[in-house]
Amino acid sequence: MNDGIRVTLSHDPEITVITVAGELDMDTCPTLHQATAAAAADGAPLHLDLVGVPFMDVFALHLLLDIQHDFQQRRASLTISGFQRQPTRLLTLTSSEHLQLRCTPPRNVIFAPVFRELGYLPTPP
């Protein structure tokens, strides 16, 4: 665990869920990277829940894109949910919304304005 971030993994035979709480930046990204690498090793689909991430920087954006690329190369399933306002704004400001991060609403929460801003239509939980 790194100061400023909490990463929780939960596994079942169908899916691995990584829930992140805290700011994702240059200092905390290695913690998330280690968790996703460990989760990828078991081959189960991965759901990355960022509902507890109020801030992320370009290092975090780059990490998410690297994780997505890795999962695509292995033809493994990856979903990301829970983008809050600032991370959404980062995607918009960097013109990264077209990079097709596969996003879904977080479990039990729908951020309709955030998804509209990214061009996604939320689906009910």
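## Helix 1 and the glycine that follows

Directly after helix 1 comes Gly43, whose phi is positive, near 80°; helices here are DSSP runs of H or I with at least four residues, strands are runs of E with at least two, and both are numbered from the N terminus. The model is a predicted one, in which local features need pLDDT of at least 70 and side-chain atom pairs count only at pLDDT 80 or more, whereas totals for chains, interfaces and linings use all residues. Residues are numbered from 1 along each chain as its sequence is written, and side-chain values use heavy atoms, with hydrogens and water left out.

Helix 1 takes in the 13 residues 29-41, which at 1.5 Å a residue should span 18 Å, and the distance of 18 Å between its end C-alpha atoms agrees with this; the expected span is 1.5 Å times one less than the number of residues. The buried residues of helix 1 are Cys29, Thr31, Leu32, Ala35, Thr36, Ala39 and Ala40, where buried stands for under 20% relative accessible area, exposed for over 50%, and partly exposed for what lies in between (1.4 Å probe, protein chains only). These residues cover an arc of only 165° around the axis, which puts them on the same side of helix 1, the arc being that of the directions from the helix axis to the C-beta atoms. Gln34 and Ala41, on the other side of helix 1, are exposed. The buried residues pack against strand 1 (5-11), strand 2 (16-22), strand 3 (46-52) and helix 2 (58-73), with contact taken as heavy atoms within 4.5 Å.

Ala60, Leu61, Leu63, Leu64, Ile67, Gln68 and Phe71 are buried in helix 2. Seen down the axis, the buried residues of helix 2 fall within an arc of 160°, so they line one face of the helix. The cover over these buried residues includes helix 1, strand 3, strand 4 and helix 3.

In helix 3 (residues 85-93), Pro87, Thr88, Leu90 and Leu91 are the buried residues. They cover an arc of only 155° around the axis, which puts them on the same side of helix 3.

Arg75 belongs to the loop between helix 2 and strand 4 (78-81), and Arg75 is exposed, with a relative accessible area of 76%. Although Arg75 is not a glycine, its phi is positive, about 55°. Most residues other than glycine have a negative phi.

## Residues brought together across the chain

Thr16, in strand 2, is buried, with a relative accessible area of 1%. Leaving aside residues up to four places away in sequence, Thr16 touches Ser10, His11, Ala39, Asp42, Ala44, Pro45, Leu46 and His47.

Two loop residues are partly exposed: Asp12, between strand 1 and strand 2, at 39% relative accessibility, and Pro54, between strand 3 and helix 2, at 40% relative accessible area. The C-alpha atoms of Asp12 and Ala44, 32 residues apart along the chain, are separated by 8.7 Å, while those of Pro54 and Leu24, 30 residues apart, are separated by 8.5 Å. Apart from residues up to four places away in sequence, Pro54 touches Gly22, Gln84, Gln86 and Pro87.

## The chain as a whole

The protein chain has 4 helices and 5 strands, which run β-β-α-β-α-β-α-β-α from the N terminus on. Of its 125 residues, 41% count as buried, and among contacts with a separation of 6 or more, 65% are between residues 24 or more positions apart. The chain exposes about 6,800 Å², of which carbon and sulfur atoms supply 56%; accessible areas come from the Shrake-Rupley method with a 1.4 Å probe, and for residues only the protein chains shown count as cover.
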